[in-house]
Each structure stands twice: as C-alpha cells, then as structure tokens.
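Please keep the 3D view open as you read.

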Amino acid sequence: MSTAVLVLENGQVVTGRAFGAVGETLGEAVFCTAMTGYQETLTDPSYHRQIVVATAPQIGNTGWNREDGESTGSAGSSDADGDSGKIWVAGYAVRNPTRRVSNWRATTSLEDELVRQGIVGIAGIDTRAAVRTLRDHGSMRAGVFSGAAVSDTDELLSRVRNQPEMKGANLAGEVTTDTGYVVEPKAPARFTVAAIDLGIKTNTPRMFAQRGVRVHVLPSNTDLAAITARNPDGVFLSNGPGDPATADAIVNLTRDVLGADLPLFGICFGNQILGRALGRGTYKMKFGHRGINIPVIDSATGKVSITAQNHGFALDGEAGEEFDTDFGRARVSHVCANDGTVEGVELMSGRAFSVQYHPEAAAGPHDAAYLFDKFVTLLEGRGA
C-alpha cells in the first residue's frame, strides 16, 4: 500500500497511507467535527480548495450512494458526476477507513468514489493530533502527497507554502452554475424565488420545493435585470467558498435587491454577503466552525438551536447589536454559544434576514428548518 504524507504549512509532517486517488493535492487544512454525513461534507461546494480532516475516528461505514450528494455537479453541469454528486474537497484525511460497507442504499465504497473522482487522501494518521495543531495554530495551507508525488520534505513544504492563501480567495465563480436551472415545487406552486448560486447545496432548492416554491438557480454573476426578468417573489443568497471581502460584485447585487425591496434570505456565505451589503466588515476566523453540532442563540428569544456549519470567515458584531444601514435599522440576530461569533443579521423591517449556519442540513440537525417557513411567511406578506 502506497505511503502518503500530510504536510502542514508550519512544517509538521504526518505519515500515513494513501486513501483514494494517489498523487498530490494542495489546499487549506480544516477540521470537521461531524460524526456522520461525510458524503454531504465531501460534496459541499463550500469546501472547495480545502483539505478536510475528519475528527470522527472511523469513516466510510455507510459507503457512498446516489442520493445524498449535496452538489449538482461541476460548475455549469447538473450531472457531471452522476447522481452521486461532485466531490469539492481538495483532499481528505481520516484515521480509520472502514473495511466493509454496510448500508442498503450504498452503491460503492467511499474509497472507490474518491478514486473515481480523483480525490487524493490520507488514512491511518492520528487525526486527533492533526486537529489539535489546527485548533491551536489555526487553519493553514497544507498538502497531501502519495505515491510518486512523495519527495524531499523541504520540496513538499515549499509547494505547500507557495500556494495561495484562503484569505483573499475569490472562489464563488468557480463553483457556480454557468447557465442556471429551475427546480419545480413538489406541491402546487405558491411563489417563485431567485436563488443566487454561490455554491448552493442540493437540499436547499429541495427545501423550498417542499413548501411550494419554484426556484430559479442563477449564476453568481447575475444582475438585477436577470433576477427581475424571472418575476420572483424573493431572492435567496446561498452558501459558498472563499473570502467574502473579495465578493464586491455580489455585495453590490445584494444592495440592488434590497433597494428594489425584494424579500431576501441568505445562509452561510450569503449571511456574510448580506452583512457586507449592510455595511459590516468580515474577518478570517482562526479555525472556523465546521460540523453538525454547533449551538446558536437567537438574540431575541434566547432559544438555542443545534446547527450545521461550514465557514472560516465571519461578520463583525456582537449579540443583539443594532446599527443603521442604507436600508433601515438592522441588528445582529444570532450568535454562537461557544464563542460569540455573529451567526445572523436582519433588517428590523423584516424584509431581509440571513444566518451563518445551514438550515437545509441534509445530514442534520434540523432545528433550523423553520427558517424556510419564516421566509415563505415573508413572501406571503410581500407588499402588505
């Protein structure tokens, strides 16, 4: 079995064995605390250009199926990787990949799918130690090398350090749809929403469709004219990868949407975009929030939801803070119970709101699914 090494920007080298494709990959090393849902994690476009270290010790028990992928394929294609979804992570690091798949929906193993899609990974390492390094020193540039790609440590470290940093990376355009597509509602159509694809996950249009909402998924370079041509009742800003400080065009589009008084709902990257449109700054977090067990406090009610998250950037602000914007008074609506990070903002008029977490989480938890109902209620009251 081929040797593999995980090389971190700080010079740390971890030796294991090849897992998935053999070769070389570069990206930002991050860790995910989810105990389940690895297929949803790997196919989430928000992980574009990142090497994910799994904290759960055993990965791959349920194999890989054709239903749980969260990506519609590569940019501009709805079926580039069949029904299983395109894997967006740059690389994958695990401790103990399962030897046998045990799930009635599985069509292949996790490793076979990694090989099929050319994803370079590493297994058999002490992921606890790797995660401790990332927790203490922060997410950092890294590389996984296996087979013929393994060479002198200084050479590998040079490759790792010469790659671009995540701060300053403009990545939404690399994961968005090229031409757009429509997801029809499962129930009688009640409303139409224009969803700006910044790295949208498959389950988001599905959640709208279950509520009778037709979704026009549009590219990240969409303008207001293209949105209004669909005659939408509201606009949705999706999750996605990269540094929100680079997304000036999307921020300006959001300001145009707010100026047109269209109801707006955003999640994850969309929360950072709405925050910037309202005049807030953003910053890169030390190691971010990535997992499905992160508590969030609603500043108005004190209610705590357990949420799925995947972000390495956040908005400036404090719990319950109110501030003036060009579109009226706004406030910080949610914060993380662990560290006080801003987890949501909203216009106090109720016309626009966003959260940093994932209410559409297919792998769970589902505490925040009510936010889709909140947006539908906002659409019902449009023009009232």
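Helices (H or I, at least four residues) and strands (E, at least two) are DSSP runs, numbered from the N terminus. This is a predicted model, in which local features need pLDDT of at least 70 and side-chain atom pairs count only at pLDDT 80 or more, while totals for chains, interfaces and linings use all residues. Residues are numbered from 1 along each chain as its sequence is written, and side-chain values use heavy atoms, with hydrogens and water left out.

**Largest cavity**

- A cavity is a set of points, on a 1 Å grid over the protein atoms alone, where a 1.4 Å probe fits but cannot get out; its lining residues have an atom within 4 Å of a point.
- Counting cavities of 30 Å³ or more gives four.
- The largest cavity holds about 160 Å³ of space, a volume being the space filled by probe spheres set on the points, with grid points joined across faces, edges and corners.
- Its lining has 20 residues, and the closest to the centre are Glu-40, Thr-41, Lys-201, Ile-292 and Ala-308.
- At least two lining residues come from each of α1 (38–42), β16 (282–298) and β17 (304–315), with β17 giving the largest share, three residues.
- By type, the lining of the largest cavity has eight nonpolar, eight polar and four charged residues (Ala, Val, Leu, Ile, Met, Phe, Trp, Tyr, Cys and Pro are nonpolar; Asp, Glu, Lys and Arg are charged; the others, Gly among them, are polar).

**Second largest cavity**

- The second largest cavity has a volume of about 130 Å³.
- Among its 14 lining residues, Gly-240, Pro-241, Gly-242, His-311 and Gly-312 lie nearest the centre.
- α9 (269–277) and β17 each supply at least two residues of this lining, and β17 has the largest share with four.
- The lining of the second largest cavity divides into five nonpolar, eight polar and one charged.

**Nonpolar cores**

- A nonpolar core is a set of buried Ala, Val, Leu, Ile, Met, Phe, Trp, Tyr and Cys residues joined through side-chain atoms within 4.5 Å, where buried means under 20% relative accessible area (1.4 Å probe, protein chains only).
- The largest core has 30 residues, and Ile-196, Ile-227 and Ile-273 have the most contacts inside it.
- Elements giving two or more residues to this core include β12 (191–196), α8 (248–259) and β20 (342–347), and α8 provides the largest share, five residues.
- Leaving out residues up to four places away in sequence, Ile-227 touches residues including Ala-194, Ile-196, Leu-253 and Val-257 (contact means heavy atoms within 4.5 Å).
- A second, separate core has 24 residues, among them Val-193, Ala-195, Val-215 and Leu-379.

Key: On a 1 Å grid over the protein atoms alone, a cavity is a set of points where a 1.4 Å probe fits but cannot get out, and a pocket is an open set with protein on both sides within 12 Å along at least five of seven lines; lining residues have an atom within 4 Å of a point. Buried means under 20% relative accessible area, exposed over 50%, partly exposed in between (1.4 Å probe, protein chains only).
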